[in-house]
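Hi there,

Here is the structure I promised to pass on to you. Have a look at it first, and then read my notes below with the model open beside you.

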Amino acid sequence: MTETLNQELPCYYMVPKERVDEILAEYNPDEIVIATLTSHSSLQIFHGARKMGFKTMGITVNHDTRYFDAFPLAKPDEFVKMKDFDEIFDRSGEFADKNVVLIPHGSFVEYMGAKRFQELDIPVYGNRAVLQWESDRDMERQWITSAGVPMPRIINDARDIDQPVLVKYHGAKGGRGFFVAKDYAEFKMGIDHTQPYTIQEYVLGTRYYLHFFYSPLSSEGYKVRDGSLELMSIDRRDESNIDEMYKLGSQEDMKRQGLFPSFVVTGNVPVVIRESLLPKVFNMAENVVKRSYELFGGIWGPFCLESIVTDKLEIKVFEISSRIVAGTNPFISGSPYADMIYPGMSTGARIAMEIKNAAETDRLGEILT
Ligand code: AMP
C-alpha cells in the first residue's frame, strides 16, 4: 500500500499464530464481542453481528460517532474511544478479557498501517499474512497472475507507451495520485519524477467489483478445496471527478484549464454481471483462493476482485482487496446473488455467521489469526 511498507517488508513482524491461539484458549466462545473501527463498512458489520446475536464494540480514534444514533440497528453496544492507534496496543489485554474479535476493513488497515495491524495481539478474523501480499503491488501481481488471472499490462519504459495508460504513483490510495496519459508526450507533461511509479495499460471497459466470500468451514455449494466459494454481491464505484468529467467536454480541454481526471471513490452502486460471465468469474476467484493457500496459507472470509470487462468480454483484475470492501454496503439486506444462498444476508452478517459457526464447532482457531 505504501512505499514505507515496501521498505519495511523484509523484517516485518506478525504476531505468531501460537500467541493468538493462547489468547483464544482463554476466550468464552459464547461471549464473543465483534469489534471494528467505526468507519468504512462498520454499520454493516455491526448490523450483521447484532443479527447473529453478537455483542458489538465500535473502536473510534478521533472520529465523530453521532451518526450511529441515526441507525439504531447498527449502533454498537459499546464505543471505545481512543486518542490514537497506539492505544489499541496498550489496551489489548482489556480486549482479550472481553473476548474481542477484530474485523478488519479497508480503513482500519489503512489508517493503522498494514504492518502494525499484523503486530496486534488481538484475534483478527481472516489471515493476516495476506496483508503483505496485498500491500506490495509486485507481490500482489505475482499472486494474481500466477493464479492464471489476467491483469492490466505493465509498461516498463514510458517511451513504449502506444495506448492510453494509467500512471500510478506508489502509495497512491483510493484513486488519488493516478494520472492518465495517451502517449509519451502526455506522460512527460504529467510525470513527477521524484516519486516512484508504475505505468499500466488503461483497460477500456466496464468495472465490476466482485465480492466473494470463501468459507473453509462450509462444504455446501461451489466447492473449492475443503470449503466453499460464495459470490455475495457486485458493485461499481462512483469516482470523482472522472465519472462526471465528460459533461465539461474533452479531457484535453480540461487539462488546458488545469483540471485533471481523478478516481476518488465517493460512493457505490449495486450492479449485476452478465450471467454468461459467471463461469469465468468463479473460475478466477477459485484460482486466486487456491493459489493463496500455496503461497501464504490461504485467503478466507470476504475478498473482492476489482475487475474490468472489455468489449471482447475479457476480464482483467486490476486489484484485489482481501477483506470486506465498502462496495458491499448497498447490500445490507441481501443482494441478487446473496439471496440465492442466504436470503437477506449482508457480507457483514456472513462474517458473523462464520464466526458463530466456528465458535459452536470449536473451530475458531481455523479462522482467527
Ligand atoms: P485502485 O486504486 O487500483 O483501486 O484504482 C482506482 C480506480 O482507477 C479504479 O476504481 C478504476 O476506476 C481505475 N483503474 C485502476 N486501474 C485501472 C486500469 N488498469 N485501467 C483502467 N482503469 C483503472
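Let's begin in the loop that runs between β10 (222-224) and β11, where you will find arginine 225. Keep in mind as you look that this is a predicted model. The phi angle of arginine 225 is near 50°, a positive value in a residue other than glycine. Most residues other than glycine have a negative phi, and most peptide bonds are trans. Asparagine 241 belongs to strand β11, which covers residues 227-241.

Now step back to the whole chain. How is the protein chain divided? Domain 1 takes 17-149 + 205-237 + 271-367, and domain 2 takes 158-203 + 239-265. Between the C-alpha centres of domain 1 and domain 2 the distance is 31 Å. Eleven residues from domain 1 and ten residues from domain 2 make the contact.

Putting domain 1 and domain 2 together buries about 890 Å², and carbon and sulfur atoms give 47% of that area. On the domain 1 side, Arg137, Arg237 and Lys316 lose the most area to domain 2; together they make up 51% of what that side buries.

What about charges across this interface? The rule finds three salt bridges between domain 1 and domain 2. There are also two residue pairs in polar contact between domain 1 and domain 2. By type, the residues on the side of domain 1 that touches domain 2 are three nonpolar, two polar and six charged.

In one of them, the side chains of arginine 207 and aspartate 243 meet, at 3.9 Å from N to O. In the other, glutamate 22 pairs with arginine 19, and their closest N and O atoms are 3.1 Å apart. Glutamate 22 and arginine 19 are separated by about one helical turn, because they sit three residues apart in helix α2 (residues 17-25). A search of the whole structure finds 27 salt bridges.

Finally, the ligand. Which residues come nearest to the ligand? Of the 18 residues around it, they are Gln200, Val203, Tyr209, Glu239 and Glu319. Here are some distances to look up:

- Glutamine 200 has a polar side-chain atom 2.8 Å from a nitrogen atom of the ligand.
- Tyrosine 209 places a polar side-chain atom 2.5 Å from an oxygen atom of the ligand.
- Glutamate 306 has a polar side-chain atom 3.3 Å from an oxygen atom of the ligand.

Happy exploring, and write back with any questions!

Best wishes

Key: Residues numbered from 1 in each chain as written. Predicted model: local features only at pLDDT ≥ 70, side-chain atom pairs only at ≥ 80, totals over all residues. Heavy atoms only, no water. Domains from an automatic or database assignment. Contact = heavy atoms within 4.5 Å. Buried area = accessible area lost by both parts, 1.4 Å probe. Salt bridge = Lys/Arg side-chain N within 4 Å of Asp/Glu carboxyl O. Polar contact = N/O pair within 3.5 Å; in protein donor to acceptor, adjacent residues only side chain to side chain. Nonpolar A, V, L, I, M, F, W, Y, C, P; charged D, E, K, R; others polar. Near = heavy atom within 4 Å. Helix = DSSP H or I, 4+ residues; strand = E, 2+ residues; numbered from the N terminus.
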